[in-house]
Amino acid sequence: MRRYHSAVWDEPLVMELGRPGRRGVVFEDAGPGATELVPAGLRREAAPALPELSEPEVLRHYLHLSQETLGMMGVSLFGTCTMKYNPRLAWELVARPEIAELHPDQDDETLQGLLELVHGLDLFLRGVSGMDQFVFQAGGGAHAAYTHAVITRAYHASRGELAQRDEIVTSIQAHPCNPATANAAGFKVVSLPLEENGYPSLEALKAAVSERTAALMINNPDDMGIYNPEIHKWVETVHDAGGLCFYDHANFNGVMGKLKARDLGFDACMYMLHKTFGAPKAGGGPAVGAYGCTEELARFLPAPVVVRDGDRYRLDHDRPDSIGKVREFFGNVPQLVYAYTWCRAMGAEGLDEASDVSVLLNNYMEKRLLEIRGVTKSHPHLTAPRMEMTRYSLGQVEEDTGVTVFDFQNRMADFGIDAFWLSHEPWVVPAPFTPEAGEMWSKEDVDEWIDVLAHVVEEAYTDPELVRSAPHNHAIAKLDATDLSDPANWATTYRAYLRKRAEAGGSDGGDATAGWAKVAP
Amino acid sequence: MTAHPYMPNSTPELHRELLDAIGAPDVESLFVQIPAEHRLQGGLDLPPALASEASLRRHLVGLLARNEDCERNLSFLGGGIWQHHVPAIVDEIARRSEFLTPVWGTPSSDLGRNQAWFEFASQLGELLALDFVGLPVYSWGCAEGHAIRMAARLTGRDQVLVPATISPERLAVIRTYCGSPELAGYIEVVLVDHDPETGGLDLNDLRTKLSPRTAAVLFENPGYLGTFEAAAAEIAALARANGSETIVGVDPISLGIVTPPGEYGADLVVGSIQPLGVHMSAGGGAGGFIASRDEERYAREYPTLNLSIGRTVNGEHGFGMALFEQTSYGSREEGNDWTGNSVYLHAVANAAYMALMGPEGFAEVGRLIIARAHEAARRLGELDGVRIRFPEGFFKEFVVDFSDTGRTVAEVNAGLRERGIFGGIDLSGYFPDLGQSALLCVTEVHAPEDLDRLVDALKEVLA
């Protein structure tokens, strides 16, 4: 095993650092009378209790915090999020003023390079999906799902059927953002259960759709690596009922260059540029949910849309049927530069190779992982090779040893392995975990990941307390059992913390890491 | 093909090694789950790859060279994205690979990032004088949309009062978040007129429109047209007496010199985090926050991820998720709105920015911005035919009315652009009552000689 230990700085909270009078940044003096320009009743009286630090102190504090962050310094195979290499060429370019110092309301003539890049990315994604138009306003995959729910409203409203069509159909295996955004947009959610073969039955779908169906929101393959071979019939069924079909392409990596959303009949799809297309994760954004749709739906897209007129590009704001906006401006531009850079570096052959490698490496992982004591996979009776992910279970290990998947996350991190993804709610297997190899990791990286898991399984059987009490090689130990959903305990700010620490009280509530581990940004 | 630099396994030898290990004849055999009729025929039609970084860089730098930016030009654009000074170390911190690459990690493995997030919320809480701050949302407009939905759930009511002068961008987002009348959960957006003298809310119109349906009164301080809401306390009192929540949008960079909104009765406070050390990036710098008093009633309605300080089994500081079960990750469609990727890297930049600024930095920058903006407005108002619509009580943005010059804003801005100046946002389309008016923004990045240049250029353009 590789020896790993995180940096330990015992770094105090920034609120506890500094000395009165120190300055980290100074500005020119405004001269007399500036404060009086604020209306009399609105002048701040008590200064904010911010720390007072010099510039080098602030730099070193946050460099220490960066060193206490594992990120992708080790091997990270976080399933459903498709860990990607983020081209540092783009990292260099987005810091230049020609990107960083652009204002979204500049005249189009001054944004020609950017607009050409955005249009180029649009064309690339059209080529990949078969859709007719992409927009980038949504700030993440969930936001793109929301965009679809809102476009669904506009589409049915334009036909006078919205009051009647108030249901959106999805499956229990869809990412939670699909039912959640459908609900937030005002729809009722119909979630189909899974059958023995790993996906809901066509019969269940037929029973669920009706004149009330507004749309289907579905991913394929799912997070278990199972591809629904009847998906084209699903699309037909929903279309026959008058609903729209949205392809949540969160799990696109295994099918890039292998199929197109449009060819399967979908009306719209979404790619996460911070997953499949090389933009950084950044701990949860800034991100982009690229939303593409057919010509029929394009008139409803959020404005503005980048369009080409001859050899010029412009932001088209004049779209009378548009839903309006899901967010200000036209997208997280630096992430578009990353994605465009990644797409142009890869090309069609590169995408094809990436999906080949993703599926190949996943099947290699599966073979090795299933040789480890106590590791099983969901739906073991399905013999066809899984796509780019497989859903595994450590249920047997937990039953034998009492060691949980949360303990595994913590212990594997002791070897520099970033926490694996478990599963969205609801869990269909006990103690689930879902690695995704993708194309950026070498075989040696993946072997190391598997070796660490095997090692921790061995530890679980021989010295379970060692695993349960992990991590041991990090800056801090695991969280205690304080219930952070008890108002007496939670403190999202230092102010609240100081007040509640004085009051004490509160309750303990199981494993405080459990809630943490269920987030997949 | 040549091995691709981003893909370590893209060699024939490694394909063979992996295939042999699993006993598969070829890669194609691994795709049998996908029916043949679903498969793409003939490959993708995409532009040729530029796998050589040198070629790709040349292509991209060529594209970037076709942009005109606000560094080489002199810009007075604001209205939701603003040009502020970004200290150099903020850039270094936000660009560190450790902060750039994490997907999520564990409370211990990504401790440093989690602590930076807590320091974001803590320092913002000091600026706002509020105890509960969620992790950021996509933008100011999205924060307003969520806050309105929170208020509707809290009160069981279905209307929100919003200033008619709110940013058209933010209003469009709010309308989206408020839903459709045909469906469940619809919230009606009712616009409140503004006082043409002050730019603030017309209190008579507000009183008329407050009703038992009013879930919330939303206003901004300063508002889109740059003016402070001097009647803030009175508006909040009217809302409270009506059983409505008060939602206030703020520009956090003003809070070194401006009263934090909780002190005049705001219940939910929202705003942009972009002024706090995030580059404009053509709108890619947008980010928003939601904050309130730390009362359970409000906390239970947040749609954000909420990071709490906690303890480890060894008694160290650690950070965990509070109120996780109310998110869509915990409860799918039963959760509050939805939760997903947001703009969390900006929170790291914000934390470093606020730590650099300290109380005196915020006071100093606030004084400088308000003084420079007023100086600019005063000088522009001296030009023939140019009128400042709300000449007092604004922060960094102000409305310049060119109607009496006989020129449209479009004409004025075209003339300025020829002189390397980006004029203010043209308001004439959205706010015809303001005539040929532009919204100009002046901040700490503008030097006195920049104002000279603007005045001189305008004299030429208007001559």
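**Entry 1**

I began with Ser281(B), which is buried because 28 other C-beta atoms lie within 10 Å; a residue is called buried if 20 or more other C-beta atoms lie within 10 Å of its own, exposed if 12 or fewer, and partly exposed in between, with C-beta atoms placed from the backbone. I note that this is a predicted model, in which local features need pLDDT of at least 70 and side-chain atom pairs count only at pLDDT 80 or more, while totals for chains, interfaces and linings use all residues. Residues are numbered from 1 along each chain as its sequence is written, and chains are lettered from A and ligands numbered from 1 in the order in which they are written.

I placed Ser281(B) in the loop between strand 7 (268-272) and strand 8 (288-292) of chain B, where helices (H or I, at least four residues) and strands (E, at least two) are DSSP runs, numbered from the N terminus. Although Ser281(B) is not a glycine, its phi is positive, at about 50°. Most residues other than glycine have a negative phi, and most peptide bonds are trans.

I then turned to chain A, where Ala282(A), also not a glycine, has a positive phi of about 60°. The loop that holds Ala282(A) runs between strand 6 and strand 7 of chain A, and Ala282(A) is buried, with 29 other C-beta atoms within 10 Å.

**Entry 1: cis peptide bonds in chain A**

I looked up Pro286(A), which sits in the loop between strand 6 (268-272) and strand 7 (289-293) of chain A, and found that a cis peptide bond with omega of about 10° joins Gly285(A) to Pro286(A). Another cis peptide bond, with omega of about 10°, links Ala470(A) and Pro471(A), and Pro471(A) belongs to the loop between helix 14 (464-468) and helix 15 (494-503) of chain A.

**Entry 2: Glu229(B)**

Is Glu229(B) buried or exposed? I found it buried, with 26 other C-beta atoms within 10 Å, in the loop between strand 5 (214-221) and helix 9 (232-241) of chain B. Leaving aside neighbours within four places in sequence, Glu229(B) is in contact with Gly200(B), Leu201(B), Phe219(B), Asn221(B), Gly223(B) and Ile235(B); two residues are in contact if their C-beta atoms, placed from the backbone, lie within 7 Å. From C-alpha to C-alpha, Glu229(B) and Leu201(B) are 7.3 Å apart in space, and they are 28 residues apart in sequence.

**Entry 3: sheets**

I traced an open sheet of seven strands in chain B, in the order 2-8-7-6-5-3-4 and with mixed pairing, where two strands pair if DSSP finds at least two bridges between them. Its edge strands are strand 2 (132-133) and strand 4 (188-192) of chain B, each of which pairs on one side only. Strand 3 (residues 159-163) and strand 4 of chain B run parallel and are joined by five bridges, with Val162(B) opposite Leu191(B) in strand 4.

In chain A I followed an open sheet of three strands, in the order 10-11-12, with antiparallel pairing. Strand 10 (376-377) and strand 12 (432-433) of chain A stand at the edges with a single partner strand each, so one side of each has no neighbour in the sheet. Strand 11 (residues 392-393) pairs with strand 12 of chain A over two bridges in the antiparallel sense, and Ser393(A) faces Pro432(A) in strand 12.

I looked next at helix 5 (residues 111-128) of chain B, which packs against helix 12 (residues 344-381) of chain B at an angle of about 60°, with the axes 8 Å apart; axes are lines fitted to C-alpha atoms, for helices over the stretch in contact, and angles run from 0 to 180 degrees between N-to-C directions. These two helices of chain B are therefore oblique to each other, since angles under 35 degrees count as roughly parallel, over 145 as roughly antiparallel, 65 to 115 as roughly perpendicular and the rest as oblique.

Which helix of chain A comes within 6 Å, axis to axis, of helix 5 of chain B? I found helix 1 (residues 55-67) of chain A, crossing at roughly 135°.

Across the chains, I noted 188 residues of chain A in contact with 181 residues of chain B. Helix 10 (residues 333-369) of chain A gives the largest share of the side of chain A that touches chain B, 22 residues.
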